[in-house]
Amino acid sequence: MATGAAREPAALDIQLESGERAVVVHTTGEVDMSAAPVLSAELAEAIAAAGSTGHRQVVVDLLAVTFFGSSGLAALSECHERAQSADVTVSIVAAGRTVLRPITITGLDRVIPVHSTLDEALRD
């Protein structure tokens, strides 16, 4: 009986950038069950930063995400709820099917605006 190798934790890199108009959360890699808590924590930090700097906007850049599971959807939904409480707006940047399909199937795009480019999101 063969045993499978243990799966390595998903590779996820998140960078926060405080720009002129918004706090941008650049996300690269896989957003799965093991990585979603990290994303949630970074999104909470971005909301706090946006509120304290007066930007009042968080843009979640998912252009470089290679896997986006249900845990990622939950993290975005939680982020939206937190942001509303802090009077901060949230938008998503996504262009690939890997990320867009789960967002549109669940209707999250009717709750959080989705843009195809970062420039578009920052103009909104």
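A residue is called buried when its relative accessible area is under 20%, exposed when it is over 50%, and partly exposed in between, using a 1.4 Å probe and protein chains only. The structure described here is a predicted model, in which local features need pLDDT of at least 70 and side-chain atom pairs count only at pLDDT 80 or more, while totals for chains, interfaces and linings use all residues. Residues are numbered from 1 along each chain as its sequence is written, and side-chain values use heavy atoms, with hydrogens and water left out.

The protein contains four helices and five strands, where helices (H or I, at least four residues) and strands (E, at least two) are DSSP runs numbered from the N terminus. Along the sequence these elements follow the pattern β-β-α-β-α-β-α-β-α. With a radius of gyration of 15 Å, close to the 14 Å that the globule rule gives for 124 residues, the protein is as compact as a globular protein of that length; the radius is taken over C-alpha atoms, and the rule is 2.2 Å times the number of residues to the power 0.38. The C-alpha trace spans about 60 × 25 × 25 Å along its principal axes. Of the 124 residues, 40% count as buried.

The opening strands can be followed next. Strand E1 (residues 12–18) and strand E2 (residues 23–31) run antiparallel and are joined by seven bridges; two strands pair if DSSP finds at least two bridges between them. E1 and E2 form a hairpin with four residues between them, and Ile14 stands opposite Thr27 in E2.

Further along, Val58 sits in strand E3 (residues 57–68) and is buried, with a relative accessible area of 0%. Leaving aside residues up to four places away in sequence, Val58 touches Val23, Val25, Ala46, Ile47, Ala50, Val88, Thr89, Val90 and Ser91, contact meaning heavy atoms within 4.5 Å.

Most residues other than glycine have a negative phi. Arg56, however, has a positive phi near 65 degrees; this residue lies in the loop between helix H1 (36–53) and E3 and is partly exposed, at 29% relative accessible area. Asp87 likewise has a positive phi, of about 60 degrees, although it is not a glycine. Asp87 is found in the loop between helix H2 (70–85) and strand E4 (89–93), and counts as exposed at 61% relative accessibility.
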